[in-house]
Amino acid sequence: MRKKGRFMLMIILVGLLLLSELFIWSSGRIGLINTVSRMISNAPDIGIQGKRLSYQGTVSFEDTYHLEQYASSDEGTALYKAKGTPIPPPWIYVRKDGNHFFRYKIPQIPWRM
C-alpha cells in the first residue's frame, strides 16, 4: 500500500509540474524546464529589451559565413542571426566557442505564432 501511495504522489507532482509549465508557456513566459535545460548546458541568460529569450539548444556550423551580427543583448552579449532573415529573426544565436552557438528564440503567446 505504501508503494502505491508514493507512486500516486509522484504522478500528481509530475502532473502539477506539467500543468504549471503549460500555464507559463501559454502566457508567453519562460518555464522552469527551459530554465533548467539552459543551466545544465551552461548557456547564458539572454534578454533583449527586458524580455528573456527561450533557450532552444546548441548548434554547430561548419562555416559561420551564413551568420551576421545584428544586435547586442541587454548585458552586452553579441547576438547573431542567419543572413536574409527578417528582424526580429526566428532564431537568435550566441557564440559558445569556435563554430558552436547557443540557439534562442523570442517567446510568443501560442495563439500569435
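Trainee: Is Glu68 buried, exposed or partly exposed?

Mentor: Glu68 has a relative accessible area of 30%, so the residue is partly exposed. The cut-offs are under 20% for buried and over 50% for exposed, with partly exposed in between, using a 1.4 Å probe and protein chains only. Keep in mind that this is a predicted model, where local features need pLDDT of at least 70, side-chain atom pairs count only at pLDDT 80 or more, and totals for chains, interfaces and linings use all residues. Residues are numbered from 1 along each chain as its sequence is written, and side-chain values use heavy atoms, with hydrogens and water left out.

Trainee: What's the pLDDT average for the protein chain?

Mentor: The average is 85, and 96% of the residues score at least 70. pLDDT is the predictor's confidence in each residue, from 0 to 100. By element, the lowest mean belongs to helix H1 (residues 2-26) at 85, and the highest to strand S7 (residues 100-105) at 92.

Trainee: Back to Glu68. Which strand is it in?

Mentor: Glu68 sits in strand S4, residues 67-72. Helices (H or I, at least four residues) and strands (E, at least two) are DSSP runs, numbered from the N terminus.

Trainee: And what is Glu68 in contact with, leaving aside neighbours within four places in sequence?

Mentor: Leu79, Tyr80, Lys81, Ala82, Lys83 and Gly84. Contact means heavy atoms within 4.5 Å. For Tyr80, twelve residues apart from Glu68 along the chain, the C-alpha separation is 5.4 Å.

Trainee: Switching to aromatics. How many aromatic pairs are there?

Mentor: Six aromatic pairs. Rings of Phe, Tyr and Trp (its six-membered ring) pair if their centres lie within 6.5 Å; planes under 30 degrees apart are stacked, over 60 edge-to-face, and the rest tilted. Phe61 and Tyr93 have ring centres 5.4 Å apart and planes at 80°, so that pair is edge-to-face.

Trainee: Where do Phe61 and Tyr93 lie?

Mentor: Phe61 is in the loop between S3 and S4, while Tyr93 is in strand S6 (residues 92-97), so the pair ties together parts that are 32 residues apart in sequence. Phe61 is partly exposed because its relative accessibility is 25%. Tyr93 is at 8%, so it counts as buried.

Trainee: What other pair does Tyr93 form?

Mentor: Tyr93 pairs with Phe101, edge-to-face, at 6.4 Å centre to centre and 80° between the planes. Phe101 is buried, as is Tyr93. Phe61, Tyr80, Tyr93 and Phe101 form one aromatic cluster.

Trainee: New topic: how much space is in the largest pocket?

Mentor: About 200 Å³. Of its 15 lining residues, Trp25, Arg29, Ile30, Asn34 and Ser54 are the closest to the centre. H1 and strand S3 (54-60) are the elements that give two or more residues to the lining.

Trainee: What's the lining like by class?

Mentor: Six nonpolar, six polar and three charged residues.

Trainee: Asn34 came up there. Buried or exposed?

Mentor: Asn34 is buried, because its relative accessibility is 17%. The residue is in helix H2, and beyond neighbours within four places in sequence it is in contact with Ser54, Tyr55 and Gln56.

Trainee: And Thr35, where does that lie?

Mentor: Also in helix H2, which spans residues 32-40. Thr35 has a relative accessible area of 16%, so it is buried. Leaving aside neighbours within four places in sequence, Thr35 is in contact with Ile30 and Arg52.

How values were computed
On a 1 Å grid over the protein atoms alone, a cavity is a set of points where a 1.4 Å probe fits but cannot get out, and a pocket is an open set with protein on both sides within 12 Å along at least five of seven lines; lining residues have an atom within 4 Å of a point. Grid points are joined across faces, edges and corners, and a volume is the space filled by probe spheres set on the points. Ala, Val, Leu, Ile, Met, Phe, Trp, Tyr, Cys and Pro count as nonpolar, Asp, Glu, Lys and Arg as charged, and the others, Gly among them, as polar.
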